[in-house]
Amino acid sequence: MKEKIKFNQIIHGDCVKCLRNMPNNCIDLILTDPPYGDNVAYGWNNKKIKNNKNPLINCLALAEFYRVLKKNSSVYLFTNWKHYPFLTEFILRYTKFKIRHLVVWKKHNFGLGWAFRHQYELILVLEKGKPKYHLTNFSDVQNATHINHNKENHPHEKPVDLLKKMIEHSSKEGDIVLDPFCGSGSVCIACQEMKRKWIGIELDEKWVGVAGRRIIIQ
Ligand SMILES: C[S@@+](CC[C@H](N)C(=O)[O-])C[C@H]1O[C@@H](n2cnc3c(N)ncnc32)[C@H](O)[C@@H]1O
């Protein structure tokens, strides 16, 4: 039996299992940053993230995304250039989502890397039905600061301001936003600031703790 959903909480667990327990058509927006499946270690202290060995975790989750989303709603899915072809192939063949757009997040500074230093990431916009978009000035190139990672923060922490822009574009106050791969809770913080209800899911206990502390400090 599907569970009733509780808002404004981070669930410690595997999002695929949690999503399978959620009712159909209950979420207004999914904004998420799954592991890219490249199995790299990040930053100066070689941090690894869970489930980053292959991109299949995304695909399992995507099948559930469509079911839990309300009709006429969007998904914003962070990805990178290596993972993008695999992901779009899967979406087009095996889900009912329409791929609406590809947004580039251009960082103010470049980060780690060799020969070609990383300065952008990609955000796929998927649609179930015909969602409304609220902003008239939403560019498909979004400029936002690159987070300077220290020992404490998540190696993939995303800028809250960038997330807020997507939340504003695709939801309204009181709507329910889901981040099934919430890491250190950046989407949850953005939702809190924008008066959206939110649900975060994270597999790694360490990041559940960090997210909890970041949200309380808010
Ligand atoms: C790219 S990070 C997200 C970082 C986040 N955007 C932030 O600002 O902190 C992806 C997260 O998904 C988590 N993860 C991996 N597999 C998962 C699963 N099956 N269910 C829930 N979380 C998962 C990882 O532990 C990792 O923290």
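Quick housekeeping before that. This is a predicted model, so to speak of local features we need pLDDT of at least 70, and side-chain atom pairs count only at pLDDT 80 or more, while totals for chains, interfaces and linings use all residues. Residues are numbered from 1 along each chain as its sequence is written, and side-chain values use heavy atoms, with hydrogens and water left out.

Helices here are DSSP runs of H or I with at least four residues, strands are runs of E with at least two, and both are numbered from the N terminus.

Who does β8 pair with? Pairing takes at least two DSSP bridges between two strands. β1, residues 9-12, runs parallel to β8 and is joined to it by four bridges; Ile11 has Ile201 as its bridge partner there.

Now follow the chain from β7 through helix α5, residues 186-193, into β8: that's a right-handed β-α-β unit. Right-handed means that, with the strands pointing away from you, the path from the first strand over the helix to the second runs clockwise.

On to the rings. There are three aromatic pairs in the structure. The rule covers Phe, Tyr and Trp (its six-membered ring), with centres within 6.5 Å; planes under 30 degrees apart are stacked, over 60 edge-to-face, the rest tilted. Tyr66 and Phe97 have ring centres 4.9 Å apart and planes at 75°, so they're edge-to-face. Tyr66 is in helix α2 and Phe97 in the loop between α3 and β4, 31 residues apart. Phe97 is buried, at 4% relative accessibility.

Another pair is Phe78 with Trp105: centres 6.2 Å apart, planes at 85°, so edge-to-face. Phe78 sits in β3 and Trp105 in β4, 27 residues apart. Phe78 is buried at 2%, and Trp105 is buried, also with 2%.

Lys107 has its charged end over Trp105, 4.6 Å from the centre, and Lys128 lies over the face of Tyr66 at 4.8 Å.

Technical notes. Buried means under 20% relative accessible area, exposed over 50%, partly exposed in between (1.4 Å probe, protein chains only). A charge sits over a ring if NZ of Lys or CZ of Arg is within 6 Å of the ring centre and within 35 degrees of the ring normal.
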